[in-house]
Amino acid sequence: MKFIQTFYSGSNPNIDSNFGWLSAKYNLLSWTLSANQLLKFYDDVELYTDDFGYDLLINKAGLNYKKVHTISDNRVYRDDLWATAKIKTYLEQQEPFIHVDGDFYLWKSFPDEVLKQNILVQNIEEATNEYYSNNWNLYEPKLNFLGDKMCHFGKRSNRYAYNMGVFGGCDIDFIKRYSVASLDFVDNNIDSLRDFSLNNFNVFFEQVLLYEMACEDKKIVSSLLTGEVEQCNYASLSNFNIVPKYSSYTHLMATAKKHLSFCFNVLNHVVRFYPLFFYRIQHIYKFEEYEFLQKITDFSTMSIDNLLSNWFYNTSKLSEGKEESIVLRDLYAVGCPSKLMNAIEHRNDFRIKLSSHLEFLDDSVIIPMINTESLTVKLDKLDKIILSEIKNCEQYSQLIKQIESKYLDSSLTKKNKDKMTDFINKKLFSLVSAKVILLYPEIY
């Protein structure tokens, strides 16, 4: 199975183009994280891009794709029809493939059965929601051509589409026929839509049309994800705190790429796991809050690991001020929720302590953040007990024993004590995710 990605820069690319992200630097960081996570698990990863993309991703960022295909500058009809670039990439494939978007991050290898599917999509979506309905009502009256595949879409009470953050499979013949039909749908309607923004039109010739064609041809389509994503509830897909323990994938879609917290998650993952790439990227864009790292690390993975390990024990010695301490805290916190649950699951004890620069109020704690308002977390009675006792405990095992001895009835059965411990662990997961608590497990 071959893995492919498509980066098309549009009609007027420049180094400051944000490509839907909060700013240009996060776009490049996202591609760095997405590509490297694919390359972590698979050797055969190829990129389809234009001259600007080649210079940005290969020459400047130094991404190590197995092969890079340089595509022509007339890749798409206009910039807001961005999905046509991906569809043209599909058309060029002669063997089974999986296409992965540049805002999708893989934390574990795909299950073996996924790689054997004839048609694979990220997930099915219900297309009866306000987004689909309002946009179809806008575009449909202006269309010159619906064809036999799309003519019934607006009339159905049950409507569906396929999210294609991940797409591909072994049925190359069908994928090619779909790709041709998709581009024909655009060709036949582009003139009548000339005066409209078409960013929201992409879902119809890309995602809806695929569903309609697959149904008509009675094709079995396999979804990588199931459950709440069918209702387009994508909160879990944006949650970095649950990977890799509880989720193997992150996909920052639509407006998620404009949220500073998600952008900082991407940034911190690149610095944490791919520091040499960050070193290259920082020569292109400004990362003012992270400049101090040049004084204390050589941007190798080992040096970052050693820095953060030492910082856990010597917080004040490795940062000159509050902002630097918060940066190191954020880097250290990457992956901590999963480390916590892994340590508990394997019965490994670990060190635990409060994060620095916290401000405690009566029923909440304020956590300072970088370049954004502080995060306020509400605290209930058990939260307060946990945070109070951590000040007197160095180890997780000590914390549990301390809470049991001071707050639990000694007559409680072992089963009830275990239930309370599970509840405490869930509280710890939330507090670690919010960066109120830091931990140092010996075994991850």
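Guide: On a 1 Å grid over the protein atoms alone, a pocket is an open set of points with protein on both sides within 12 Å along at least five of seven lines, and its lining residues have an atom within 4 Å of a point. Grid points are joined across faces, edges and corners, and a volume is the space filled by probe spheres set on the points. The second largest pocket holds about 610 Å³ of space. It is lined by 26 residues, and those closest to its centre are Ser261, Asn265, Met369, Ser433 and Lys435.

Visitor: What kind of model is this, and how are residues numbered?

Guide: This is a predicted model, where local features need pLDDT of at least 70, side-chain atom pairs count only at pLDDT 80 or more, and totals for chains, interfaces and linings use all residues. Residues are numbered from 1 along each chain as its sequence is written, and side-chain values use heavy atoms, with hydrogens and water left out.

Visitor: Which elements give two or more residues to the lining of the second largest pocket?

Guide: Helices and strands are DSSP runs (H or I, at least four residues, for a helix; E, at least two, for a strand), numbered from the N terminus. For this lining the elements are helix H8 (260-273), helix H12 (322-333) and helix H16 (414-433). H8 provides the largest share, seven residues.

Visitor: How is the lining of the second largest pocket divided by class?

Guide: Ala, Val, Leu, Ile, Met, Phe, Trp, Tyr, Cys and Pro count as nonpolar, Asp, Glu, Lys and Arg as charged, and the others, Gly among them, as polar. Here the division is 13 nonpolar, ten polar and three charged.

Visitor: What is the volume of the largest pocket?

Guide: Its volume is about 1400 Å³. Among its 42 lining residues, Trp82, Asp103, Met253, Ala254 and Lys257 are the closest to the centre. The lining has 18 nonpolar, 15 polar and nine charged residues.

Visitor: How many residues of H7 are buried?

Guide: A residue is buried under 20% relative accessible area, exposed over 50% and partly exposed in between (1.4 Å probe, protein chains only). In H7, 13 of the 15 residues are buried, so the helix is largely enclosed by the rest of the structure. H1 is mostly covered too, with 15 of its 18 residues buried.

Visitor: What span should H7 have?

Guide: The expected span of a helix is 1.5 Å times one less than its number of residues. H7 (residues 202-216) should therefore span 21 Å, and its end C-alpha atoms are 21 Å apart, which agrees. A bend at a residue is the angle between axes fitted to the seven residues ending there and the seven starting there. H7 bends by about 35° at leucine 209.

Visitor: Is phenylalanine 299 buried or exposed?

Guide: Phenylalanine 299 counts as buried, at 3% relative accessibility. It lies in the loop between helix H10 (293-296) and helix H11 (301-313), and has a positive phi of about 65° although it is not a glycine. Phenylalanine 19 also has a positive phi, near 50°, but is partly exposed, with a relative accessible area of 26%.

Visitor: Which peptide bond is cis?

Guide: The bond from valine 243 to proline 244 is cis, with omega near -5°. Proline 244 sits in the loop between strand S8 (222-223) and strand S9 (249-251).

Key:
1 Å grid on protein atoms, 1.4 Å probe; cavity = no way out; pocket = protein on both sides within 12 Å on 5 of 7 lines; lining within 4 Å.
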